[in-house]
Amino acid sequence: MPALPEIEILRRDLEREIVTRRIKDVDVRPGTAAMKTFRRHGRRKEVQELLTGAKVDAITRVGRRLLIDLDNGKVIVVDLADSGSLQKTSASEPIATHTHLVLAFTIGGQLRLVDPAKTSEVFVASKEELEGMDELRNFSIDPLEEQITWHHFSGLLEERAAPLKALLLDENFIVGLGDVYSDEILFVSGLRHDRMSDKMSSQDVRRLYRALMETLQEAVKLRGSSGGDDAFTDLTGVAGQFQMEHKVFERDGEPCRRCRSEVVREETATYVTYFCPQCQS
Ligand SMILES: [Zn+2]
């Protein structure tokens with residue numbers, strides 16, 4: 001799953017690569033898989049009519065959704081969900097299997113959406129329509145968008161009274177961190193996954209807050225985490241480096257980078273977690 005840092009990397013890439021470009025051609029690929037991606041639209045032609053000829057004005061983000069603002073009052077909303085990826089390619093590059101959308105720009109280059117497992121969704125709506133959609137309002141913490149104060153963060157932790165790992169995985173609490181970043185943040189903060197969020201000293205809260213900000217900023221700087229089978233790649237197909245920095249995630253049985261004791265994998269009823277029993281308490 002592309003988590004918050006990876007989505008922010010794509011947002012910045014798109015900003016650099018496609019803002020001011022004009023859409024010449026819209027190809028919603030043949031087959032039912034592509035229309036599943038465009039499940040809110042009845043026909044391919046509808047998508048083509050909404051997008052053809054429009055210029056890209058801005059790229060924004062609401063939670064894990066990317067919003068491509070156009071100069072015709074429309075917005076393309078892209079939710080990559082668990083398995084989608086975006087690629088900027090030349091027009092001559094062969095179209096990969098599982099490509100569901102190809103946007104061709106007038107001065108060359110294409111933006112393509114690829115998704116083998118078909119979990120992603122794309123739709124086009126007017127700016128007014130988007131304002132009325134609750135799903136496009138983000139009520140959870142977004143540490144890369146708006147820095148919340150330490151004090152506010154402390155209050156939210158106390159309200160929730162949940163194990164820290166469960167809370168960091170909860171998208172209603174904080175924007176898509178996923179398993180990798182929640183485990184890494186807890187390691188950096190020195191806190192165990194099962195510590196209750198309402199039973200923390202102010203020093204614990206500060207450590208968690210700092211670990212959260214630092215880890216996510218570092219992940220963006222290192223262009224995301226690209227371990228595993230469905231490894232993340234940026235808009236130009238380059239993998240990230242953050243997986244080299246993982247301190248605990250999927251390192252069970254290996255020595256902790258800080259204290260040399262063994263990193264542990266633990267499964268609870270609701271999540272799987274990796275941590276160092278020495279460094280985290
Ligand atoms: Zn350790």
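The model is predicted, so local features need pLDDT of at least 70 and side-chain atom pairs count only at pLDDT 80 or more, while totals for chains, interfaces and linings use all residues. Residues are numbered from 1 along each chain as its sequence is written, and side-chain values use heavy atoms, with hydrogens and water left out. The zinc ion sits in a tetrahedral site, and its protein donors are four cysteine SG atoms, those of Cys256, Cys259, Cys276 and Cys279. Helix α1 is largely enclosed by the rest of the structure, because eleven of its 15 residues are buried.

**Zinc site**

- Cys256 (SG), Cys259 (SG), Cys276 (SG) and Cys279 (SG) are the protein donors, at 2.2 to 2.4 Å from the zinc ion.
- Donors are N, O and S atoms within 2.8 Å of the metal (3.2 Å for Na, K and Ca); water is not among the atoms, so sites may look incomplete.
- The angles among the four donor atoms run from 101 to 113°, and the site is tetrahedral.
- Along the sequence, the donor residues follow the spacing C-x2-C-x16-C-x2-C.
- Cys259 belongs to the loop between α8 (202-221) and β9 (264-267), and Cys276 to the segment after β10 (272-275), so the pair ties together parts that are 17 residues apart in sequence.
- Helices (H or I, at least four residues) and strands (E, at least two) are DSSP runs, numbered from the N terminus.
- Cys259 is partly exposed, at 30% relative accessible area. Cys276 is buried, at 0%.
- Buried means under 20% relative accessible area, exposed means over 50%, and partly exposed lies in between (1.4 Å probe, protein chains only).

**Helix α1**

- Helix α1 spans residues 4-18, 15 residues in all.
- From first C-alpha to last, α1 reaches 21 Å, close to the 21 Å expected at 1.5 Å a residue. The expected span is 1.5 Å times one less than the number of residues.
- The buried residues of α1 include Leu4, Pro5, Ile7, Ile9, Leu10, Leu14 and Ile18. Glu6, Glu8, Arg11 and Asp13 are also buried.
- Thr20 follows α1 and has a positive phi, near 80°.

**Cavity**

- One cavity of 30 Å³ or more is counted. The largest cavity holds about 60 Å³ of space.
- On a 1 Å grid over the protein atoms alone, a cavity is a set of points where a 1.4 Å probe fits but cannot get out; a pocket is an open set with protein on both sides within 12 Å along at least five of seven lines; lining residues have an atom within 4 Å of a point.
- Grid points are joined across faces, edges and corners, and a volume is the space filled by probe spheres set on the points.
- Ile68, Ile76, Val78, Leu86, Leu101, Leu103, Leu111, Leu113 and Val122 line the largest cavity.
- Strands β4 (74-79), β6 (99-105) and β7 (110-114) each give two or more residues to this lining.
- The lining has nine nonpolar residues, no polar and no charged.
- Ala, Val, Leu, Ile, Met, Phe, Trp, Tyr, Cys and Pro count as nonpolar; Asp, Glu, Lys and Arg as charged; the others, Gly among them, as polar.

**Second largest pocket**

- The second largest pocket has a volume of about 280 Å³.
- It is lined by 13 residues, and Gly63, Arg65, Glu135, Asn138 and Glu171 are the closest to its centre.
- Six charged, four polar and three nonpolar residues make up this lining.

**Loop between α8 and β9**

- Arg223 lies in this loop and is partly exposed at 29% relative accessible area. Its phi is positive, about 65°, although Arg223 is not a glycine.
- Arg260 is found in this loop and is exposed at 59% relative accessibility. Arg260 also has a positive phi, about 75°.
- Val248 lies in this loop and is buried at 0% relative accessibility.
- Val248 and Arg21 are 42 Å apart, C-alpha to C-alpha, and 227 residues apart in sequence.

**Strand β1**

- Ile23 lies in β1 (residues 23-28) and is buried, with a relative accessible area of 2%.
- The C-alpha atoms of Ile23 and Glu184 are separated by 40 Å, and the two residues are 161 residues apart along the chain.

How values were computed. Four donors count as tetrahedral if all angles lie between 85 and 135 degrees; four count as square planar and six as octahedral if opposite donors are over 155 degrees apart and all others between 65 and 115; anything else is irregular.
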